Amino acid sequence: MNAVNQWDQEAAARAASSPLVRDFGLLIKSATRLERRIDAELRRECGISHTMLEVLLRLCRQSGEEVSQRHLADDLTLTSSGTTRLIDRMEEAGLVRRVPSPGDRRVALVEPTDEGRTVFLQAVAVHARTVEDYFVKPVDSEDYVRMTRALSEIDRALREAAE
């Protein structure tokens, strides 16, 4: 191995081991593991995925609010076709129904069914318990306040950068 390749490997190893790379990786790994845990608990106890809960959360947030599939796709950062397939599965499970928009019959609105509302309430309890167990309890209450404040600041900075 020549000297240039040796230096490149050492520089790459230092860069890959930097505190910024390590810390960001820890954030991503923790968020991914928590997401998987929530999804597994929801599937086991309620028969729905975390993404389905996110749809029901959006639909149940304000009674009578009209929510189109397009708005759901934007809110969930899914493709239009991915949202269509998700709503198809949820409709087959009896959780939601599509209704034509009174203002534009080309637009399909999505609304929760009674079964969807029931499952939503069960799922919210499972979600809250899982978040409490794996996001809140592992850290000291003062650290939790600092962490959520810091996450809010990160979110704010990213939203401002996107504008």
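The model is predicted, so local features need pLDDT of at least 70 and side-chain atom pairs pLDDT 80 or more, while totals for chains, interfaces and linings use all residues. Residues are numbered from 1 along each chain as its sequence is written, and side-chain values use heavy atoms, leaving out hydrogens and water.

Helix α4 (residues 69-76) packs on helix α5 (residues 80-92) at about 110 degrees, with 9 Å between their axes. This makes α4 roughly perpendicular to α5 (65 to 115 degrees). On the α4 side Gln-69, Leu-72, Ala-73 and Leu-76 meet Thr-83, Thr-84, Leu-86 and Ile-87 of α5, contact being heavy atoms within 4.5 Å. The residues of this contact are 5 nonpolar, 3 polar and no charged.

Helix α5 also packs with α3 (residues 50-60): their axes come within 11 Å and cross at roughly 85 degrees. The two helices are therefore roughly perpendicular. Thr-51, Met-52, Val-55 and Leu-56 of α3 make the contact with Leu-86, Ile-87, Arg-89 and Met-90 of α5. Here the division is 6 nonpolar, 1 polar and 1 charged.

On the surface, Phe-24, Leu-27, Ile-28, Leu-151, Ile-154 and Leu-158 form a nonpolar patch with about 560 Å² of accessible area together (Shrake-Rupley method, 1.4 Å probe). Patch residues have over 30% relative accessible area and no salt bridge, with nonpolar side chains joined within 5 Å. Helices α2 (19-46) and α7 (141-162) each give two or more residues to the patch; Leu-27 lies in α2.

Note on methods: Axes fitted to C-alpha atoms, helices over the stretch in contact; angles between N-to-C directions. Helix = DSSP H or I, 4+ residues; strand = E, 2+ residues; numbered from the N terminus. Parallel < 35°, antiparallel > 145°, perpendicular 65-115°, else oblique. Nonpolar A, V, L, I, M, F, W, Y, C, P; charged D, E, K, R; others polar. Patch = residues over 30% accessible without salt bridge, like charges linked within 9 Å, V, L, I, M, F, W, Y side chains within 5 Å. Salt bridge = Lys/Arg side-chain N within 4 Å of Asp/Glu carboxyl O.
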